[in-house]
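Please examine the model shown below.

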Amino acid sequence: MIDPEERLWAGGGSLLAGGPYTWHITDFDQRRHFSVTYSPAAPVQDVEETEDICLAKLRKHVDDLGADVLGIRFSDPDGPITVSTDEKDDVTWYVNCHPLSALKLPFPVKTILVGSLTELDRLGPQVDLVTYRGDPTVNGVADKTKAAFKYWFIANGMFRKWYELQCWSRLPRDHPHIVPLDAVVLDNARGGVVGFTSLYVPGGTLRDSAVTRPFRLAWLQQLLSVVDDLNYRYGIMHQDIAARNLLINDKENLCIFDFNFSVMIKEHYTPDRDDYKGVVFTLYEIITLDEHFRQVPHAEQDAEALLRLEWVKHPDVKLDSHVQAFRQVLDTWLTDRRRREFKLVDTCIQWPWMPQEPPAPVLAKGPDGAVAGTEMRSSVPVLIRAELVQMNEPFFKWERPASYRLKDLREKNDSQRDIFTCRLAKSQLRSETAASLEEDCER
């Protein structure tokens, strides 16, 4: 489930001098956009404060708004609201997505349509747990693939996810300690790239199981090995090594995922984000459950100072070896690493910068501002839904029920399935009983 604090995001709006103050707010849970207008009796001193006021108001009412509601208005932060279904309040806009060819991948890649995905859970803003029918398997029966789906239906954060897709798709899918990327996901309506899936590894992250699963010395060695491969073999700096980004797969191997902050070392390396620091902090946090050392900017995170401290195991943490054994393996690796240099080798992966947005249809307006028709325009960053509707252009509807409604819907469906199964069983029993009686009569 999406954290309530991360559910709503105000991306911009119209803040007129003296009011009203309108914020365009995205609900990541329902994948909807709302126009929220605050019209106080007197102008506010700091218009930026109206963002929090509008967010708080929408947060209070968002689960009660109908599917056709596009905006709300209010004049008192503690007072009632009025709702709008007028299309002029539709502030929904979508990313003008790039075609698959824009990735410039030197190899074929698996693709799936976003409409073929079935949502199982919402892991965070624009990250879902999904399932879909895969390729035919035994006797031609299609198997279900379970995957984590990262996507963008708004431009915010799109570049970072696009960069992650470029990196992750080029890493080997058979590496024993890298969660494999699964597929590129395309928009049903326009065919553009809207995200990607990575294979789902059940069991939770090392952070999720910090006190329920003993941490093994072998897992530390696997972590050091995959970091070396990323840095020295593939030329990648992960830049976000942490227990929350480490999993244990069904073969009991440690695997790393989430390349959201990864960069090509030759292009963007910075010592403040060196992976050795991430390894040091991660091992310390696993052993001690103390995460406060990373609650400062990266430039202020001092891994060397942490190495000089005595690491005391938290009483709830389970290890398969003494703390000294973990430190010895880590210190040996660090000593060797300090002698190594980052070099550009044949196995380093590289990828192009994100290109300009593709051409897209837009409304053509005359000198008087009136709509004069449509035209194709290059480098259109976003597609405004109200204009797509006006132009009769296709678009994928990202909206979905609120998560609590989705849960109710699942329970209702399960209940209906149970009722159907029960009725079917009773029907079969009646048929079997009738057949038995007929046989008795014939005898």
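## Asparagine 253

Asparagine 253 is buried, because its relative accessible area is 18% and buried means under 20%, exposed over 50% and partly exposed in between (1.4 Å probe, protein chains only). The residue lies in the loop that joins strand S14 (246-248) to strand S15 (254-256); helices (H or I, at least four residues) and strands (E, at least two) are DSSP runs, numbered from the N terminus. Leaving aside residues up to four places away in sequence, asparagine 253 touches Pro176, His177, Gln222, Leu247 and Ile248, where contact means heavy atoms within 4.5 Å.

## Basis of the model

This is a predicted model, in which local features need pLDDT of at least 70, side-chain atom pairs count only at pLDDT 80 or more, and totals for chains, interfaces and linings use all residues. Residues are numbered from 1 along each chain as its sequence is written, and side-chain values use heavy atoms, with hydrogens and water left out.

## Backbone features

Most residues other than glycine have a negative phi, and most peptide bonds are trans. Arginine 31, although not a glycine, has a positive phi of about 55°. Arginine 31 is found in the loop between S2 and strand S3 (32-38), and it counts as buried because its relative accessible area is 11%.

Glutamine 239, also not a glycine, has a positive phi of about 70°. Its place is the loop between strand S13 (236-237) and S14, and a relative accessibility of 11% is why glutamine 239 counts as buried. The peptide bond from glycine 19 to proline 20 is cis, with omega near 0°; proline 20 belongs to the loop between strand S1 (8-15) and strand S2 (21-27).

## A negative surface patch

Asp46, Glu48, Glu49 and Asp52 form a negative surface patch. Aspartate 52 is placed in helix H2 (residues 49-61) and counts as exposed because its relative accessibility is 56%.

## The chain as a whole

The chain contains ten helices and 19 strands. Of its 443 residues, 45% count as buried. Among contacts with a separation of 6 or more, 64% are between residues 24 or more positions apart. The accessible surface comes to about 23,300 Å², of which 52% belongs to carbon and sulfur atoms; accessible areas come from the Shrake-Rupley method with a 1.4 Å probe.

Technical notes
Patches are made of residues with over 30% relative accessible area and no salt bridge: like charges are joined within 9 Å, nonpolar side chains (Val, Leu, Ile, Met, Phe, Trp, Tyr) within 5 Å. A salt bridge is a side-chain nitrogen of Lys or Arg within 4 Å of a carboxyl oxygen of Asp or Glu. Lys and Arg count as positive and Asp and Glu as negative; His and the chain ends are not counted. The place of a charge is taken as NZ of Lys, CZ of Arg, CG of Asp or CD of Glu.
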